[in-house]
Amino acid sequence: MSGGVGPYSDISDEHFSQDKNQTKNPQKKTQQNRKFFTFRQLNILAIIIIFSSSGMVSLEDFAFVLFSLIYIYFISNIAFPPINPPQTESPIFGENNKLLNFYVSFGALIGLFFPIAYIFQGIYEGDKEGIKPAAPHVFLLASQVFMEGVTFTDNFSLPIRVFVPVFYNSRRIFTIMEWLRSEILKVDQEYGGNERRVYIGRGLAAANMVFWCFNLFGFLLPVYLPKAFKIYYNRGRKLKD
C-alpha cells in the first residue's frame, strides 16, 4: 500500500518499496530485505490488532490468516524453494514504473485508508453495526500486506510472494460482496445511521469490488502470475546449466 503502511499491495514487489539510494547500494538492500519486522509492518500489525480486538472480525477470517501463514511455509519447502539470493533478482516490471506506482497508491487509498476512515467515523458517530461489514475486508487486506512483508525475505521464492496477493485477493472478493450487499440492504432494514454514510459506504464497497476484481482477474492471474513463474523457472534452468 502507501503512506505509513508502505507500498505493498496485491501487485507489490520488493523493488517498489526501495528508494534510489537503496538501489545504488546492493549490500544495503540485501540487509534490509532480511529484516523480519519493518516499521511498515509494525504499523500494519497495529491495525490488525485493533481490528482483532474490536470484535468485528469473524473466527473464519482469523483461521484464514493462520492457515495462510502455515501454508506459505509448507509450499515454500515442498514446491517452491528459494533459488537465487535477493541481490541477484531484477524487478519484474522494471524500476520506477510510474503507472504501476500510481496503481498501487490508488489501491491503498480505496482499499485501506478510505475504509479505515469510514470505520473510525462510524465509531465516532456510534454507528457500530453499520461498520461491521467493512471490517473483514480491512482486516484481511492489512493481514495480506503484513504477510507480503514476511515473504519479502531471503527465505521465500518469487512464486510464494505471488501466492500471497492471489490467495488473499480471492478471499477478500467474498468479504467485499458481503459488504456491498449489506450497504445496499441498509435502507430496507430501516438503517438508523446517517444517510450520507449510506452512500459513502456503498461507494466504497462498489469501488473496492471493481478494483480488486480487476486486480485479480485482469492483472494478477493473466499478467503477474505467469511473468513471475517464468522468471522463477528460467533462473532454475540457468542454475542447472
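The legends below accompany close-up views of a predicted model.

Residues are numbered from 1 along each chain as its sequence is written, and side-chain values rest on heavy atoms, with hydrogens and water left out. Because this is a predicted model, local features need pLDDT of at least 70 and side-chain atom pairs count only at pLDDT 80 or more, whereas totals for chains, interfaces and linings use all residues.

**View 1. Overall fold: nine helices and zero strands make up the secondary structure of the protein.** The elements run α-α-α-α-α-α-α-α-α from the N terminus on, where helices (H or I, at least four residues) and strands (E, at least two) are DSSP runs numbered from the N terminus. Of the 241 residues in the protein, 50% are buried; buried means under 20% relative accessible area, exposed means over 50%, and partly exposed lies in between (1.4 Å probe, protein chains only). Among contacts (heavy atoms within 4.5 Å) with a separation of 6 or more, 83% join residues 24 or more positions apart.

**View 2. The largest nonpolar core contains 56 residues.** A nonpolar core is a set of buried Ala, Val, Leu, Ile, Met, Phe, Trp, Tyr and Cys residues joined through side-chain atoms within 4.5 Å. I44, F51, I119 and Y168 touch the most other members of this core. At least two core residues come from each of helix 3 (39-53), helix 4 (59-78), helix 5 (98-124), helix 7 (135-151), helix 8 (158-185) and helix 9 (195-240), and helix 9 gives the largest share, twelve residues. With residues up to four places away in sequence not counted, Y168 touches F64, V65, S68, L140, S143, Q144 and M147.

**View 3. The second largest pocket holds about 190 Å³ of space.** On a 1 Å grid over the protein atoms alone, a pocket is an open set of points where a 1.4 Å probe fits, with protein on both sides within 12 Å along at least five of seven lines, and lining residues have an atom within 4 Å of a point. Grid points are joined across faces, edges and corners, and the volume is the space filled by probe spheres set on the points. The pocket is lined by 13 residues, of which V65, L66, L69, F146 and M147 lie nearest its centre. Helix 3, helix 4 and helix 7 each supply at least two residues of this lining, which divides into eleven nonpolar, two polar and no charged residues. Here Ala, Val, Leu, Ile, Met, Phe, Trp, Tyr, Cys and Pro count as nonpolar, Asp, Glu, Lys and Arg as charged, and the others, Gly among them, as polar.

**View 4. D61 and R171 form a salt bridge, their closest N and O atoms being 2.8 Å apart.** The pair links distant parts of the chain, with D61 in helix 4 and R171 in helix 8, 110 residues apart. A salt bridge is a side-chain nitrogen of Lys or Arg within 4 Å of a carboxyl oxygen of Asp or Glu, and a search of the whole structure finds three of them. D61 is buried, at 2% relative accessible area, whereas R171 is partly exposed at 25%.

View 5. R197 is buried, at 1% relative accessible area, and D127 is buried at 10%.
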